[in-house]
Amino acid sequence: MKKMLVTVNGENQNHDVTIYMATVFFLWLKMCALYIWVFHINIQSIEESIILAATSLGSAALLVGFGFLFRKSARMKAFLTIHFLLTALLFGNVLYYRFYIDFITVPVLLQFQNVGGLSQSTVELIKYYDLLLFIDSVVLIILLKKKLIPAISLPARKNIGTKIVLMLITVPLLASVIVNPGFWNKSYDKEMIVKSLGLYHYHLFDIYLYSKASVKGVLADGEEITEISNYVEKKQNKIVRSDLHGVAKGKNVIVVFLESTQAFVLDKHINQEEVTPFLNKLKANSLYFPNFYHQTAQGKTSDAEFILDNSLYPLAGGSVFVRKPKNEYDSLPKILKRSGYYSASFHGNNAQFWNRSVMYEALGYDRFFSESDYNVTEENSINYGLKDLPFFEQSLPYLSSLPQPFYAKFLTLTNHFPFLLDPEDQLISEMDAEQGLVNRYFTTVRYEDEAIKSFFDQIKDTELYKNSIFVLFGDHYGISKSYNDELGEVLGKEITVKDQVELQKVPLIIHIPGLEGRVINSVGGQIDLRATIFDLLGMEEKENSLSFGTSLLSDNHNRLVVFRDGTFTTDQYIFTEGTCYSKKTSKKVKRNKCSPYFNQVQTELNYSDQIIYGDLIRFFKN
C-alpha cells in the first residue's frame, strides 16, 4: 500500500491519479445507487447512511489503489481492469440478489459448477437497464484512447495521498464500530455486515470468515459438544407428548418436496379457477399447518433437505451439501435405519446437481433414483429436468419395490424458477399481471398440483397407501421480494416488510390414511419437521441426536421460528430488519416485545454453525 501511494505523490502533474479518482468515484456512485434501488438496505439513521457511503468509498479507494503496484506504463490499464472486475462483482451481486435476496459469498462462487452454472434462470434475472452499470467503463476507455484524460495537480507535501486514503479506509470503519457495535459477531445477518462495512469490505470480511470456517473442523476437539448438548436437552425436556404420538407407528414415510411453493397459492383462484384444487381437498382430510415457514438460505432446496434430515440450520453462506459433504451426520435416514427403515430419494435431475450423490451417502440413504434411472426425453422434460407428471409415473414402480418400512422423498422440479411450461401442459390460463414471471408461476403450481393428484390416484390402488404417511411441504419461496409490486397486484395489497416475512410461509400437509383431518395452528418451521415425523412414528427426538426442532403437534410451549439472517417470528411478533412488529395489528411495537428472543436466536444459529463447521456430531456419537 505504501509503495502504491508514494508513487502518487511523486509527481505534481499525473494522469494516473485522474483515472484512479474517476474509477473510485464511479464505483462508489454505483454502489450507493444499488444500495437504494436494488438491495434496499435498511437504513435507520443518518449516521448509518453516512457510514455506509464512507466505508464504500474507502473500500473502492483501497481496491482500485492496487493499480499503483503496476509499472507506470501499465498503470492506467490496471485501474480500468480493476474497475471492470469490481463492476462485474457488483453485477453478480445484483443478479444473485434478485432471486436469493442475499449477497454473494465465497462458498457460492466455489459451488457454482456443483449447482449447474449458468442457465435459463440466470438469463431471466438480467434486465436491459443492467447495461448502465458498465457505461462508465466504456466512457473511461474512450477517453483514455482519445487521450482526453486531464492531468491533476497534487500538493507537494510528502505522503499526503497516503494519509488521505488511509483516512478514507480507517475513519469510517471506526465510526461503524461505534454505531453498530458487535456487528462482526452477527455474520448470519449479511445485510448488517454490508451496512457496516460497505459491499466490497463485506466481500473481504466474507473471505476472512470462509478461511476461519475452513480450519474449524481440523482444530475442533469436541469441547463445545457438552455445552450444546446441554442446551438441546434442556429445550427438548420442555416438550409434552402430543395426543397423536405414535399414531403412524411402523408406517412408511413418503415426503414430497413442493418446489418453490408458497402458502398463498392454497385456495387461490386465478381467472376464477383454482390454482391447487387437489391440495385444497387433501389438506381438508389431513393434518394441515397454516403457520409453517421455510428456513432455507443460499442452498434453497438442498437446504430444505438438510434441515429436514438433520434438524439443524443451514449455513449463512453456500450449501452444506457442497461445503460439508464429508461430515458425520446423525440424520433422519440413519436414525430410521436403526428401527429397520430403508431410505431412498427420487429426483429427475442429474445426480451431481447440488452434490447430492456425495451428500446422500453421508446422510445414509440406501438408494438415490436420479436422472439416469428415468426415461428422460425432450418431450417429457423442461427447465431443470423431468416434468412432474412423468416423474411420479415412472417413480411408482421403484417405490413399490422398496423394502418396507421405508423413508422416501420426492423432489419435484417443474415449479422451478423461471417457471417454464409447455403450452400443452398449461391447465389454467396465465394471469395478465405486469410481470410475466409472476403470471407463469401460477400455471406451473397448477401443473405441480395435477402431478401430485395423479401420484395419489395411482398409489391409492396399491397396498402402499394405507401403510404410509404422506408429508408434503414447500421447500422455499418461489417469488422473491424483487417482484413484490407485481405479486402485490395479484394478492390485492401492498406488500410491507412484515408481509414479506409472512410470505415465507409454505404449505405443510401430513396425510395419514384413516385419520380425520385437523388444522394445527402451531407456529413452526422446517427445522421442526423431523421431530414432528418422529412424534407420529412414536419416536422421541431428544433420544436421537443434536437437533433444534420440536414437534409441531405439541403446542404447549413458547414456539419460535428462526431464519438464517436473524429474522424471527413467534405467534405474536415478527422481528425483521431491526424492527419488531405485532402480528395482530401489523404495526411496529416497542423493541422490548421481541428482545426476550434475541439470545435464543443468536445462540441456536451459532451452535448450529459450530456443529457443522466443527463436524461435532462425530464427538457427540462417541
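Predicted model: local features only at pLDDT ≥ 70, side-chain atom pairs only at ≥ 80, totals over all residues.

Me: Why is Val 139 called partly exposed?

Reply: Its relative accessible area is 39%. Buried means under 20% and exposed means over 50%. The value for Val 139 falls in between, so the residue counts as partly exposed.

Me: How do you know that Lys 30 forms a salt bridge with Asp 136?

Reply: The closest N and O atoms of Lys 30 and Asp 136 are 3.0 Å apart. A salt bridge needs a side-chain nitrogen of Lys or Arg within 4 Å of a carboxyl oxygen of Asp or Glu, so this pair qualifies. Lys 30 sits in helix H2 (residues 15-37) and Asp 136 in helix H7, so the bridge ties together parts that are 106 residues apart in sequence. Both Lys 30 and Asp 136 are buried. By this rule, the count comes to 27 salt bridges.

Me: What makes Glu 48 and Lys 195 a salt bridge?

Reply: Their side chains meet at 3.5 Å, N to O, and the limit is 4 Å. Glu 48 belongs to helix H3 (residues 46-65) and Lys 195 to helix H9 (residues 190-197), so the pair ties together parts that are 147 residues apart in sequence.

Me: Why is Glu 48 called buried, and why does Lys 195 count as buried?

Reply: Glu 48 has a relative accessible area of 7%, and Lys 195 has a relative accessibility of 6%. The cut-off for buried is under 20%, so Glu 48 is buried and Lys 195 is buried too.

Me: How do you know that Arg 98 forms a salt bridge with Asp 130?

Reply: Here the closest N and O atoms are 2.8 Å apart, which again is within 4 Å. Arg 98 lies in helix H4 (residues 72-100), and Asp 130 lies in the loop between helix H6 (120-125) and H7, so the pair ties together parts that are 32 residues apart in sequence.

Me: Why are H2 and H4 called roughly parallel?

Reply: Their axes cross at roughly 5° and come within 9 Å. Angles under 35 degrees count as roughly parallel, so H2 and H4 get that name. Residues making the contact include Phe 26 and Lys 30 of H2, and Phe 79 and Leu 86 of H4.

Technical notes:
Residues numbered from 1 in each chain as written. Heavy atoms only, no water. Buried < 20%, exposed > 50% of the residue type's maximum accessible area, 1.4 Å probe, protein only. Helix = DSSP H or I, 4+ residues; strand = E, 2+ residues; numbered from the N terminus. Axes fitted to C-alpha atoms, helices over the stretch in contact; angles between N-to-C directions. Parallel < 35°, antiparallel > 145°, perpendicular 65-115°, else oblique. Contact = heavy atoms within 4.5 Å.
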